[in-house]
Amino acid sequence: MRNFLLSLIVISAALSAFAQALHPKIPTQPVGNAYANSASVVAVEASVMETQLLTRTEVELPKDLQDMEGTVTLEALIDDTGHVIQLRAIDGPTMLRQFVIEAVQQWSYRPFTMNGRPAKVSTRIIVQIKKP
């Protein structure tokens, strides 16, 4: 099992290095994002994907939570058409997480391209909730 995990880490690091060689200006995320372990997925920094955001649905909180504030961090998998297909909350107030996921599932991005072809992207999405 340990050798298998080490192999995955080496392969993931090699893919990250390969992506950097192809697009040196695009910072990739450190290995650790669960969605980035597939050879068909490109890990892209949150700051890069923010510039690709086309549509954003705001988080709607129920009245009893509208006084809450916090930052929720999600791991996201975005398909080659720019649609969010998987989300997982990895940090932030537990009471806010599901509401953030429901909003972010509706977001869409400009398709990310690698070698001129659209690619699936693994990224982190950080959403700040502030009092109205």
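In this predicted model, the protein chain exposes about 8100 Å², of which carbon and sulfur atoms supply 55%, with accessible areas taken from the Shrake-Rupley method with a 1.4 Å probe and, for residues, only the protein chains shown counting as cover. Of its 132 residues, 37% count as buried, where buried denotes under 20% relative accessible area, exposed over 50%, and partly exposed the range in between (1.4 Å probe, protein chains only).

Residues are numbered from 1 along each chain as its sequence is written, and side-chain values use heavy atoms, with hydrogens and water left out.

The mean pLDDT (the predictor's confidence in each residue, from 0 to 100) is 80 for the protein chain, and 70% of the residues reach 70 or more. Over residues 1-32 pLDDT stays under 50, and for this segment the model has 35 contacts beyond four places in sequence, a contact meaning heavy atoms within 4.5 Å. Where pLDDT is low, the predicted coordinates should not be read in detail.

The chain has 3 helices and 7 strands, defined as DSSP runs (helices H or I, at least four residues; strands E, at least two) and numbered from the N terminus. Gln52, in the loop between α2 (46-50) and β2 (53-55), is buried with a relative accessible area of 17% and touches Ser108, Tyr109 and Arg110, residues up to four places away in sequence not being counted. Asn115, in the loop between β6 (112-114) and β7 (117-129), is exposed at 55% relative accessibility and has a positive phi of about 60° although it is not a glycine.
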